[in-house]
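Dear colleague,

I am passing on the structure below, together with some notes on what came out of going through it. Please read the notes with the structure open beside them.

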Amino acid sequence: MSMLQLEVVTPDKTVVSAQVDMAVCPGVMGEFGVLPHHVSLLSALKIGNLRYTEGGKQHNVFISGGFADVNNKVLTVLAESAELAEDIDTARAQAAKERAEKRLASQADVDHARAEAALQRAVERLHVVQLR
């Protein structure tokens with residue numbers, strides 16, 4: 001059976017490099033699946049869960065935006081940040097969520113777009129941990 005090479009890369013490191021059966025990416029226009037022999041594709045990614053199946057087992061990766069490039073049975077995800085579900089620090093994500101909620105609730109001069117993005121990242125990290 002043909003396999004898909006998945007590469008999830010951040011500016012700091014390679015988070016995933018594996019031969020997988022399939023992957024589902026959080027595209028800005030909605031989720032999209034990638035199988036071996038997929039047509040070439042370039043898509044922007046939003047904050048969300050990238051899931052992939054390797055040997056019949058599903059894995060989850062938190063993605064904080066970026067781009068996905070499909071070409072020649074290779075899916076390359078260039079992410080601003082990415083973490084495997086098992087590497088996410090739940091207490092840290094919960095604290096970040098609470099901080100962002102406090103910032104948004106305060107009447108102080110707050111950069112709401114930045115606070116909303118921080119809240120979205122924290123909520124999605126906690127969601128990815130629950131999927132483990």
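Helix H2 covers residues 112–131, and because its 20 residues should span 28 Å at 1.5 Å a residue, the 29 Å between its end C-alpha atoms agrees with that expectation. Please keep in mind throughout that this is a predicted model. The N-terminal end of H2 is capped by Asp111, which places a side-chain oxygen 3.3 Å from the backbone nitrogen of Ala113. Within H2, the buried residues are Ala115, Ala118, Leu119, Ala122, Glu124, Arg125, Leu126, Val128 and Val129, and these pack against helix H1 (90–105) as well as strands S5 (41–54), S6 (57–71) and S8 (82–84).

At the other end of the sequence, I looked at Gln5, which lies in strand S1 (residues 4–9). Gln5 counts as buried because its relative accessibility is 17%, the cut-off being under 20%. Its side chain makes a polar contact of 3.5 Å with that of Ser17, and, neighbours within four places in sequence aside, Gln5 is also in contact with residues including Ala18, Gln19, Lys73, Val74 and Leu75.

As for the chain as a whole, it holds eight strands and two helices, in the order β-β-β-β-β-β-β-β-α-α from the N terminus. Its C-alpha atoms fill a box of roughly 55 × 25 × 25 Å along the principal axes, and 43% of its 132 residues are buried. Of the contacts between residues at least 6 apart in sequence, 50% join residues at least 24 apart.

How values were computed
Residues are numbered from 1 along each chain as its sequence is written. This is a predicted model: local features need pLDDT of at least 70, side-chain atom pairs count only at pLDDT 80 or more; totals for chains, interfaces and linings use all residues. Side-chain values use heavy atoms; hydrogens and water are left out. Helices (H or I, at least four residues) and strands (E, at least two) are DSSP runs, numbered from the N terminus. Buried means under 20% relative accessible area, exposed over 50%, partly exposed in between (1.4 Å probe, protein chains only). A polar contact is a pair of N or O atoms within 3.5 Å; within protein, one must be able to donate a hydrogen and the other to accept it, and residues adjacent in sequence count only if both atoms are side-chain atoms. Contact means heavy atoms within 4.5 Å. The expected span of a helix is 1.5 Å times one less than its number of residues.
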